[in-house]
Amino acid sequence: MTVPADHPLVTAVKPLVDAMGAELLDPGQATTEDVVLVWEGVDVMAVRLPQLSESLDHILTAMERRHGMPLAELDRKAKQGVVRTLEARGAFSVRHGVETVAGALGVSRFTVYNYLNRDNPAKGE
C-alpha cells in the first residue's frame with residue numbers, strides 16, 4: 001500500500017507536514033517514533049517527524065523565503081525579529097541552535113545572545 005495522495009486526510013495534513021519538514025509514509029513503514037494517522041478506523045498514513053536539528057534548518061530556510069533574501073543580508077532590526085521568532089519556536093533548545101542561527105544570520109553567537117537578552121533583560125542576570 002502507498003499513501004493515497006487523493007485521500008481527504010492526506011490533502012488536509014500535507015501542507016502542515018511539508019511546513020514541518022516531515023515525511024509521509026505508508027503506515028506499514030511506520031516505526032514506534034512515527035505518528036500513524038487514522039481515518040474512520042483505517043490507518044491512512046504515517047508521519048515521520050524530522051529531528052530537531054533538521055527542523056531548525058527547515059525553519060531557517062522558510063524564513064529566508066519569507067524575507068526574500070538570505071537572512072545574513074537582513075538589517076539588524078530584522079535579524080532581531082528573526083531571533084525573537086526563533087526563540088518563540090524553541091530554536092534555542094536545539095543543541096548548537098545558537099551557533100546554527102548565528103551562522104545563518106552572519107553574526108556571532110555573542111550577537112545572538114545579545115538579541116535574546118535585549119528582549120528579556122531578566123535572562124541576562
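The lining of the largest pocket of this predicted model comprises six nonpolar, two polar and two charged residues by class (Ala, Val, Leu, Ile, Met, Phe, Trp, Tyr, Cys and Pro count as nonpolar, Asp, Glu, Lys and Arg as charged, and the others, Gly among them, as polar). A pocket is defined on a 1 Å grid over the protein atoms alone as an open set of points where a 1.4 Å probe fits, with protein on both sides within 12 Å along at least five of seven lines; lining residues have an atom within 4 Å of a point. The lining consists of Ala19, Met20, Leu49, Pro50, Ser55, His58, Ile59, Ala62, Arg66 and Arg89. Two elements, α1 (8–20) and α2 (52–67), each give two or more residues to this lining, and α2 supplies the largest share, five residues. Helices are DSSP runs of H or I with at least four residues, and strands are runs of E with at least two, numbered from the N terminus.

Helix α1 bends by about 40 degrees at Lys14, the bend being the angle between axes fitted to the seven residues ending there and the seven starting there. A proline, Pro15, follows within four residues. Just after α1, Gly21 adopts a positive phi of about 80 degrees.

Residues are numbered from 1 along each chain as its sequence is written. Local features need pLDDT of at least 70, side-chain atom pairs count only at pLDDT 80 or more, and totals for chains, interfaces and linings use all residues, while side-chain values use heavy atoms, with hydrogens and water left out.
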